[in-house]
Amino acid sequence: MTPGERWLAATWPLVHARLPAAPARVLEVGCGSLGGFIPMLRADGYDALGIDPQAPDEAHYQRIEFELADLPRQVDAVVASTSLHHVADPALVIDRITGTLASGGTVVVVEWAWEKFDEQTAEWCFKRLGPDDEAGWLHRRRDEWLDSGHEWPSYLREWTEREGLHPGYLLLRLLDERLERRLLACGPYFFPDLAGTSQADEQTAIDAGHIRPTRIDYVGTRR
């Protein structure tokens, strides 16, 4: 199972539990090359559409940036999993999300608060990486940090600015300005990319105070 598949399997129960009952109309923002939750949604009877430039070239997907997509109107729910912190203008994207929702519609967001990725958490992750021939994004962060010679906070800030990543607190503010918050929780984020490490293992480390929770689980409804 790939890290992406592990992530989808672990977060699907959260997403599914907060959605209206099938056959509701659900739109997924940034479903990625794996198709995100669309296969699971459709298998459960939802009328689901995924939007992403790298989406599968199949029915029920639009291979385009969300900002340029021809959005359906009056959908019952929108799902965005680790996509908002990458977009160029999160306020614009969230406005488009709320604009496509029916009154009382639900938004389910799973995000990353990179600003909480402190050195102690980074070192915990780096100790649990798999072989370098299976290198992923955390391998690259470790190697680039070590090569930089900088302190971790300086390196993290430089990398996120270079990549144009938006912090979690900004995304939450934008969501709260446009939606009625129904849920806000935090939890494990890194486990899919760590060798022999489950979501429960990461949660145990969080509970013990060894690392910080950097995943954001947010649910809101359109006012």
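**Salt bridges in the model**

R181 has a relative accessible area of 38% and is partly exposed. Here buried means under 20% relative accessible area, exposed means over 50%, and partly exposed lies in between, with a 1.4 Å probe and protein chains only. The structure is a predicted model, in which local features need pLDDT of at least 70 and side-chain atom pairs count only at pLDDT 80 or more, while totals for chains, interfaces and linings use all residues. Residues are numbered from 1 along each chain as its sequence is written, and side-chain values use heavy atoms, with hydrogens and water left out.

Side chains of opposite charge can pair when their charged atoms come close. A salt bridge is counted when a side-chain nitrogen of Lys or Arg lies within 4 Å of a carboxyl oxygen of Asp or Glu. This rule gives 11 salt bridges.

One of them joins R181 to D176, with N to O at 2.4 Å. D176 is partly exposed, at 24% relative accessible area.

Another salt bridge pairs R25 with D47, at 3.7 Å from N to O. This pair links distant parts of the chain, 22 residues apart: R25 belongs to strand β1 (residues 25–29) and D47 to strand β2 (residues 47–51). Strands are DSSP runs of E with at least two residues, numbered from the N terminus. R25 is partly exposed at 33% relative accessibility, and D47 is partly exposed at 39%.

R215 and D217 also form a salt bridge, their closest N and O atoms being 2.9 Å apart. Both of these residues are buried.

Finally, a network of salt bridges links D95, R173, E177 and R178.

Note on methods: Helices (H or I, at least four residues) and strands (E, at least two) are DSSP runs, numbered from the N terminus.
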